[in-house]
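I set out these entries to keep a record of what I looked up in the structure.

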Amino acid sequence: MKRTMYTVGSLIILLICAFVFVLVPAMAGGGKQQEGPVFGSYNGKKISYEQNSDMANFVSQYGQYYQSMGMAIDQSTYYYIYNYAFNSTVTKLAAEDAVNKSGYKVPKSAITRKMIPLFSDENGNYSSKAYRSTPESSIASLKKEIEAAEIAARYNQDHFGTNGLFGLKSSESELDFLSAMDTNKRGFNMAVFAMSNYPDSEKIAYAKANPTKFIKYDMSVITVDDEATAKKVMKRLDAEEITFADAVAEYSEKTYSDSDGKLISKYAYQLERNFADAADAMVVGALKAGEKSGIMKTEDGYSIFMADGDSEAADLEADDICKTIYSYLNSYESSVIENYFLAKAKDFVADASLNGFDAACANASIENTEIDPFPLNYGNVSAAGTLNTGITGLASASTNENFLTTAFSLKLNEVSEPMVIDNNVVVLQYTIDGNAAKADADLELEPTLPDVNEYDQESLSNAIMNSPKLKNDFVGAYFKYFMK
């Protein structure tokens, strides 16, 4: 579902359709009105989920929308339904607030015109009998819903009307500007060096140069929340009133261990991250088989360590050692991997500049990826052509300022310097100029007034949801009341 589902335009659709739904909020009680969970407020007006509240009604509407689209209603879906309902409630309150300040009142005649089609006979004519047979409470509810829809429509028309009398105006110059965004397109060759392909030989070489990081420990550990409990445990251990294993079972929170108390993260680089003071990690790491530590302050409480065996250097022949080394580098020293591929990419640039891009790709055993022409379009907005971010190496390129600046600063056939994008190092060659891209009619995209109107609506929705009038407690309330 689109993120803009709760824009003013969609809110009007929901409000107009509201009186054809059966609104039965999931948490509604019997006949007595009950105070429901409060998700926040707008301009001092509480946003709560209770019977007949705006939010409850929107939950029902969005829920039925999901079902009508054949979507499964699961825990994840519930979160989105409630989130959309909260956002729609905020938008509705903002619209009412603005319209009320303007002094506009929905004419009774407008409400009557909307109600007449709802009470018709089999021939489609107005039926006074159908009207009289409808309970007064239902009539009042319909009038309320119609009035709310009319207020939302008035708000939307004043902001975004396209009949020339109302709404934001979009001049020809604005449309020309948006169209011009699509004229300067560039196509490229690209070489991608995936940092996930860091060679095992380099991993082993790093471990040999930094052996202390991969010392492996055979330890058990007891971890408790407070120092007083730790002292009690230590006293009992020293007096041999309890074994270490029994103390694990009776006292330990098992923060750093498995259910038997065995240390889970066994390498030196992992152990040291449990301590605020690196010196404490060295003390624990120096324990010999059968020795236990004193009470050590760890990141999650107080711990007592027991060396079940002597520490040992990493087995660089082990099947999983390269995975361990790469995990460490990727998590804590990613620059080591990055610098390796940057050096490879710089050699590639030199080769491509001398012998050509295709020859350099062949020499480096990588593919030349061709990028279809695209304009300078930060964020891939739909007003212009877009970069294909589905290409390997370009997932976040449309919002990478360095990538876009570099790509649109190159001279024709020039090769770029290496760039880091996500987990890749890429090199570009500018191969297709803007005129060539413009000649391809299939790549042209002319923005229209409805496009601009949609952007304006999304901008207003974002402004409302970031308004200082809004107190947004949605996430906390949802997890408190619906995720127990």
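Entry 1, confidence. I first noted that pLDDT is the predictor's confidence in each residue, from 0 to 100. The model is predicted: local features need pLDDT of at least 70, side-chain atom pairs count only at pLDDT 80 or more, and totals for chains, interfaces and linings use all residues. Residues are numbered from 1 along each chain as its sequence is written, and side-chain values use heavy atoms, with hydrogens and water left out. I found an average pLDDT of 86 for the chain, with 87% of the residues scoring at least 70. Over residues 16-33 pLDDT stays under 50, and the model has 32 contacts (heavy atoms within 4.5 Å) beyond four places in sequence for them. Residues 439-444 also stay under 50, with 8 such contacts. Where pLDDT is low, the predicted coordinates should not be read in detail.

Entry 2, the sheet. I took helices (H or I, at least four residues) and strands (E, at least two) as DSSP runs, numbered from the N terminus. Two strands pair if DSSP finds at least two bridges between them. I found an open sheet of 3 strands in the order S4-S6-S5, with antiparallel pairing. Strand S4 (216-224) and strand S5 (296-298) are its edges, each pairing on one side only. From one strand to the next the twist averages 45°. S4 and strand S6 (residues 301-312) are joined by 8 bridges; Lys-216 has Glu-312 in S6 as its bridge partner.

Helix H10 (residues 244-251) lies across S4 and S6, at about 45° to S4. Helix H12 (residues 278-285) lies across S4, S5 and S6, at about 125° to S5.

The axes of helix H3 (residues 75-102) and helix H6 (residues 136-160) come within 9 Å and cross at roughly 75°. H3 and H6 are therefore roughly perpendicular to each other (65 to 115 degrees). I listed the contact residues, among them Ala-95 and Val-99 of H3 and Ile-151 and Tyr-155 of H6.

I counted 34 aromatic pairs, taking rings of Phe, Tyr and Trp (its six-membered ring) with centres within 6.5 Å, and planes under 30 degrees apart as stacked, over 60 as edge-to-face and the rest as tilted. Phe-39 and Phe-482 are stacked, at 6.2 Å centre to centre and 25° between the planes. Phe-39 lies in strand S1 (residues 38-42) and Phe-482 in helix H19 (residues 474-482), 443 residues apart.

Conventions: Axes fitted to C-alpha atoms, helices over the stretch in contact; angles between N-to-C directions. Parallel < 35°, antiparallel > 145°, perpendicular 65-115°, else oblique.
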